[in-house]
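Dear colleague,

Please find below the structure that I am handing over to you, followed by a summary of what was found in it.

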Amino acid sequence: MKIVGAVALGIFLGGLAYLAGTPDVSADAPAAAHAVDAAACMRLTSFRLPNMKITSAEVVPAGQFKAPSGAAEGFVDLPEFCRVAMTLTPSSDSDIKSETWLPLSGWNGKFQEVGNGGWNGFIQYAALAAALRRGYATASTDTGHTGDTASFAPGHPEKLIDFGYRAVHETAVQGRAIVAAFYGALPRYSYFTGCSGGGRQAFMEAQRYPQDFEGIIAGDPGYDRAAESLQLIAAAQATHKDAASFIPKEKFAVLHQAALDACDAADGLKDGIINNPLRCKFDPAVTLCKGADGPNCLTAPQVEAAKKLYAPIVDPKSGKEIFPGFEPGTELRFANTTGAPRPLGMADDTFKYTVIGDPNWDFRTLDIGKDIVRAHETDKGIVSATSTNLKPYVGRGSKLIIYHGWADQNVAPLSSVNYYNALIDVMGKKSVEDSVRLYMAAGMGHCAGGEGPSVFDTLTTLEQWREHGVAPKEVIASQMADGKVIRTRPLCPYPQEAQYKGTGSPDLAENFACRLP
Ligand SMILES: [Ca+2]
């Protein structure tokens, strides 16, 4: 191992201790062991670890950061920080870009890595900024490729591994080493936060690298990339079977209203939100046109297609469920998932570039029984993160918070419930309750938006849990319109649900209680 320049031996040892997997979770550790300044930032250019090269280290003055696109919006309130860019090469075909941002003052003594969605190959500047604002040293990776497609994957198995799990892990290891080099102290706690594809990365970390983080937040996790992609393609196949099966955007509004008619008031409160879609039976056949086709009803082929969007995908041979379908209440966002000329890009790319190996593949030819086998064979656990063995992770006292919108139009929300229940089967209820929480957000779309409150802060919940032993209960979610809070509602630890107490404004969280249904 080569150590170059003015980097002190103690710093090297700090990095080494981490690399050896020594947990450093003392709440009493000093936030910063030595003063940091612009010179300390510039000295990082001579910091070396194996398979890592720092390409720049510079101080960004307060409010001066601009994204590579030139955008300054969203960054003007950032404090002064040391911006470190590096290239990681864990394999000869690797070209992973990562950045670590280090606040010059007010470091909270902690490290946070942020995740990427879909096939995302970009540094996540907005998420880095959010972490920096809270005093975190923070890191992000482009996952080893550039762009938002899987077209890099054919012929590059090592790059697919980088995307699947290695880039996030290496960024955690190197990012923490840089924290140690800069501040002279390892972070007291390291956390990972991500949604969608970032939720998949979150699961991957908890399953594969239990030493990396003391706390992980997985939002709307698309953790079973193979099966999830198959379900999304099957949904597009259903609405593109022929011209008659296509459901135009305005008819999804008809379906949505019918779903609300069936399920909204049935949860005890008519508020435009389906509190738990599992406890409601919705049959799209209620929208069938009585006579000729019209704007307020669905034709028989459209009803047939709609039914497939809500139904789980089942292996025709074994009869086993491969992946759940979407839930009633999601319809206003279905046009993005099934109304476009091709399936959702994330799923389309998974099949075109990693399963089938043909960029011109016709998704209408999807064969569920055959193609799920091919999807698992090509995935080999590289991109899909389905292991339920979290014992090494929770055994260190580390915590996992999962949240998922019940009206998620990209990742079928029941997949998170299924994973949580599978954890209980494998690890036992007590072990799961000691270390894992699942919050299902009624009416929330994919990672944001929807008809229900979708703005909430699980990071504070995680900090309180891991650092102060405060077991999470409800999390207050807000619904925003024109920059104002128009509704608040508690998110409850699954399987509890937010139940209206019967008096007071239904737009205020205080008038709800978390109870078992
Ligand atoms: Ca309701």
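I shall begin with one residue and its surroundings. Apart from neighbours within four places in sequence, Asp371 is in contact with Leu230, Phe351, Val355, Ile356, Thr365 and Leu366. Asp371 belongs to helix H11, which covers residues 368–379. Its relative accessibility is 3%, and because buried means under 20%, Asp371 counts as buried. Please bear in mind throughout that this is a predicted model.

The protein as a whole

The protein has 517 residues, and a compact globule with that number would have a radius of gyration near 24 Å; the value for the protein is 24 Å, so the two agree. Along the principal axes, the C-alpha atoms fill a box of roughly 80 × 60 × 45 Å. The protein contains 15 helices and 16 strands.

Of the 517 residues, 59% count as buried. The accessible surface comes to about 20200 Å², and carbon and sulfur atoms make up 54% of it. Among contacts with a separation of 6 or more, 69% are between residues 24 or more positions apart. As for charge, the protein has 48 positive and 56 negative charges, and their mean positions are 2 Å apart.

A residue in a strand

Glu321 lies in strand E10, which runs over residues 321–323. Is Glu321 buried or partly exposed? Its relative accessibility is 41%, and therefore Glu321 counts as partly exposed. Leaving aside neighbours within four places in sequence, Glu321 is in contact with Pro312, Ile313, Val314 and Asn418. Glu321 and Thr141 are 180 residues apart along the chain, and their C-alpha atoms are separated by 34 Å.

Backbone details in the loops

- The peptide bond from Tyr494 to Pro495 is cis, and its omega is near 10°. Pro495 is found in the loop between strand E14 (484–491) and strand E15 (497–500).
- Asp220 is not a glycine, yet its phi is positive, at about 35°. The loop that holds Asp220 lies between strand E8 (215–219) and helix H6 (225–239). With a relative accessibility of 0%, Asp220 counts as buried.
- Cys447 is likewise a residue other than glycine with a positive phi, here near 65°. Cys447 is placed in the loop between strand E12 (436–441) and helix H15 (458–468). Its relative accessible area is 24%, so Cys447 is partly exposed.

With kind regards

Methods
Residues are numbered from 1 along each chain as its sequence is written. This is a predicted model: local features need pLDDT of at least 70, side-chain atom pairs count only at pLDDT 80 or more; totals for chains, interfaces and linings use all residues. Side-chain values use heavy atoms; hydrogens and water are left out. Helices (H or I, at least four residues) and strands (E, at least two) are DSSP runs, numbered from the N terminus. The radius of gyration is taken over C-alpha atoms; the globule rule is 2.2 Å times the number of residues to the power 0.38. Buried means under 20% relative accessible area, exposed over 50%, partly exposed in between (1.4 Å probe, protein chains only). Contact means heavy atoms within 4.5 Å. Accessible areas come from the Shrake-Rupley method with a 1.4 Å probe; for residues, only the protein chains shown count as cover. Lys and Arg count as positive and Asp and Glu as negative; His and the chain ends are not counted. The place of a charge is taken as NZ of Lys, CZ of Arg, CG of Asp or CD of Glu.
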